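Keep the 3D view open as you read.

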Amino acid sequence: MDPEHKNIVRCPKCGEPQPGGTYNIDDYVLCAGCKSGLRIEAFPAMYQPHHDPSPKRSPVKADEASCFYHPANEAVVPCDVCGRFLCLICDIELGNRHICPSCFEKEVSRESTPELVSKRVRYDNIALHLAIFPVLMWFITIVTAPLTVFMCIRYWKTPLSVVPLTRVRFILAFFIAFVQIGLWGFLAVNLMG
Amino acid sequence: MRYKRLPGKKSGFFRKCTLYRGEDHFLSVESNIYTEEYFRFHFSEIQAFISKKTDRGKIWSVILGFSALIFTTFTINAAAPPAGGESTFFGTVAGIFIIAFIYNLWLGPTCSTWVQTAVTVHELPALGRARRRRRFLAVVRPLIEKVQGPVDPGRIQEIRSAPPAPPEVFPPADFPSPRPVEPAAEPETSGLPVNNAGPVHGIMFGALILSAGLDLYWIIFPSFPALFFSLLFTLVVLISIVTALVVQSQRRMTSAIRKITWTAMIGFVVTFLTNYVLSMGYLFRNIGMIRNGAWEYYSTLAQEGLADMPLMAGFSFFCAAFFLILGALGFFVMIREKVSGKGSSSRKPFAGKGSAVR
C-alpha cells in the first residue's frame with residue numbers, strides 16, 4: 001500500500017496531491033500539475049482516524065476458555081460455522097457472522113457466501129455466443145449446436161452471477177441450437193432421399 | 001443478499017460494467033462477456049470519488065460524424081442513375097452512423113471516475129459519463145453519509161499536500177515485531193530501460209509493407225496468384241499485428257512504436273470493414289452473382305480486379321499507400337531507437353488498478 005496516498009487525493013493523470021480546498025466543489029477544478037479538469041467528492045473517511053488493524057492479544061486466565069488455534073489467548077467468540085472458540089486474532093467478521101480461518105477458507109473455495117465471490121464464469125453467455133456466431137460459417141454448427149445443447153444442460157444449475165439474473169440466455173441458446181440441429185437433420189434426410 | 005441496480009453502465013463490445021447497491025456496500029461488476037469480476041466498496045470505507053474530464057466523447061463524435069458523412073456521400077453517389085441496391089445499403093449504414101452520432105451527443109460529456117478507499121484507488125468504468133456519475137452520486141451520497149456522518153467542510157479544508165504522521169502502533173510483546181512499512185514500490189516503468197521494438201514488431205512492419213505491395217500489384221495486374229497471395233498476406237498482417245500488441249502489452253516500449261502498432265490495428269479493422277461493406281454494395285448491385293455462390297465473386301475479382309468497382313479500387317489504393325507508409329515509418333522509428341539507444345518513459349502515478357477490495 002502506498003502510505004502517501006492516505007488522506008489525500010492525487011490527480012489520476014500526474015499524481016499531484018490535491019489540497020482539501022479543491023474537494024466537494026460543484027465544478028471541475030484544474031489540477032495544479034497537469035491542468036486536467038478534476039472533480040473530487042470527499043467524505044468523512046478522509047479525515048476520520050483509521051481503524052487500527054493490528055490484532056489485540058489477550059492472554060487467557062485460568063478460569064477462561066482459550067482459543068482453539070492459540071491456546072495462550074482468551075477466546076472471545078465461537079465460530080458460527082464449526083463452533084470452535086476464537087480469539088481476537090482468529091475472529092473473522094463476515095457481515096454479522098464470526099467465523100474461523102479454516103471455515104473462511106472453505107467458504108471461499110465453495111463460493112457459498114456471495115460476499116466472498118470475486119469472479120464467476122458466465123456459461124449462459126458462452127452458450128448463447130456458441131449458438132449464434134458459428135452461423136456466420138454455417139457448416140461449423142454441426143459441431144457447435146450439440147455443444148451448445150450440452151452446455152445448456154450441464155451448466156443450467158450453476159450459479160451465474162451474484163446479481164439477479166434470469167436463465168433466458170440459456171433458453172435462447174438452447175432454442176437456436178435446437179433449430180440448427182433440426183435443420184441439419186432436414187438436410188441429412190434430403191441428401192439421403 | 002439482494003442487489004439493486006445503481007445508475008451507471010458501460011457497454012462495450014467486449015466489456016460491460018454495471019453498478020449495484022448492497023446492504024452496506026456497492027458492487028462494481030466488470031464483465032468481459034464470458035467472466036465477471038466483482039469489486040465491493042463498503043460505504044464506511046469510501047474516502048472520495050474522483051472524476052477527470054476526458055475527450056473520449058468528442059473523439060467518438062468526430063469518428064461517428066465523419067463515418068456518417070462518408071457513407072452519406074456514398075449514398076448520394078450511388079443514388080445517381082442507374083441506381084441499384086447500393087444506395088439502399090449505403091443509406092442504411094449512413095443512417096446507423098447518424099443515429100450513433102446523435103446518441104453519443106445525447107449521452108453527454110465523458111469522464112473517468114475512481115473510488116478511493118484507505119487501501120486502493122479503483123476506476124469505475126460504469127461512470128464514464130458526467131450525467132451518470134451525477135445520478136450515481138445522488139443515490140450513493142446519502143448512503144455514505146448515513147454510515148460515516150455528514151461531511152465537515154472545515155476538516156476537509158485542512159487536508160493539505162503533506163499527509164499526516166502515521167498512528168503509533170504498539171505490537172504485542174511476544175509477537176514478532178511487525179515488518180516496517182516499506183515505501184510503495186516504484187512503478188515498473190521508472191528507472192528501467194525501455195525495450196526497443198523487437199523482431200515481432202519488425203516482422204509486423206515488414207508484413208505491412210509486403211501486403212501493401214501485393215495489394216497494389218493485384219489491383220494493377222489482377223490474377224489468381226496475386227489475389228491469393230494478397231489475401232494470404234492480409235492474414236499474416238492480422239496475426240503479426242495481434243502478436244505485436246500482445247508483446248507490447250507485456251513489455252515497456254516507446255510511445256511511438258505503441259502508437260504505430262495501434263494505428264496499424266485500427267487501420268486494418270477499418271479497411272476490413274469498409275471493404276466488406278463495399279463488397280456487399282457491389283453484390284447487392286449484381287445480385288445474380290451470388291446466386292451462383294461466392295466462388296464466382298472471387299473468380300471475377302481475380303480475373304478482372306476492381307475494374308468494375310472504382311470506389312473500392314480507390315479505397316484499396318489509399319489503404320495500400322497508408323500501410324506502406326506506416327510500415328516504413330515503423331522501420332524508421334525502430335532503426336532510430338536502436339541507433340540512439342534511448343527511449344522515453346511515461347510514469348503513471350496510478351500503477352494499474354491497485355488491489356481493489358473484492
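The largest nonpolar core in this predicted model has 40 residues, and those with the most contacts inside it are Ala42(A), Phe43(A) and Ala48(B). A nonpolar core here is a set of buried Ala, Val, Leu, Ile, Met, Phe, Trp, Tyr and Cys residues joined through C-beta atoms within 7 Å. A residue is buried if 20 or more other C-beta atoms lie within 10 Å of its own, exposed if 12 or fewer, and partly exposed in between, with C-beta atoms placed from the backbone. At least two residues of this core come from each of strand 4 of chain A and, in chain B, strand 2 (16–21), strand 3 (25–31), strand 4 (35–42), strand 5, strand 6 and helix 3. Apart from this core lies another, of 16 residues, including Ala212(B) and Phe323(B).

A word on conventions: residues are numbered from 1 along each chain as its sequence is written, while chains are lettered from A and ligands numbered from 1 in the order in which they are written. Because the model is predicted, local features need pLDDT of at least 70 and side-chain atom pairs count only at pLDDT 80 or more, whereas totals for chains, interfaces and linings use all residues.

Which residues does Ala42(A) touch, leaving aside its neighbours within four places in sequence? Its contacts (C-beta atoms, placed from the backbone, within 7 Å) are Val9(A), Tyr23(A), Asn24(A), Gln47(B), Ala48(B), Val151(B) and Ile156(B).

Now to the sheet. Five strands form an open, antiparallel sheet in the order 3(A)-4(A)-5(B)-6(B)-7(B). Strands (E, at least two residues) and helices (H or I, at least four) are DSSP runs numbered from the N terminus, and two strands pair if DSSP finds at least two bridges between them. Strand 3 (29–30) of chain A and strand 7 (121–123) of chain B are at the edges with a single partner strand each, so one side of each has no neighbour in the sheet.

Two of the pairings are listed here:

| Strand pair | Sense | Bridges |
|---|---|---|
| Strand 4 of chain A and strand 5 of chain B | antiparallel | 5 bridges |
| Strand 5 of chain B and strand 6 of chain B | antiparallel | 6 bridges |

Follow Lys52(B) in strand 5 of chain B: Leu38(A) stands opposite this residue, and Ser112(B) is its bridge partner in strand 6 of chain B. Ala48(B) has Gln116(B) as its bridge partner in strand 6 of chain B. Strand 5 of chain B is largely enclosed by the rest of the structure, because 5 of its 6 residues are buried.

Technical notes:
Contact = placed C-beta atoms within 7 Å.
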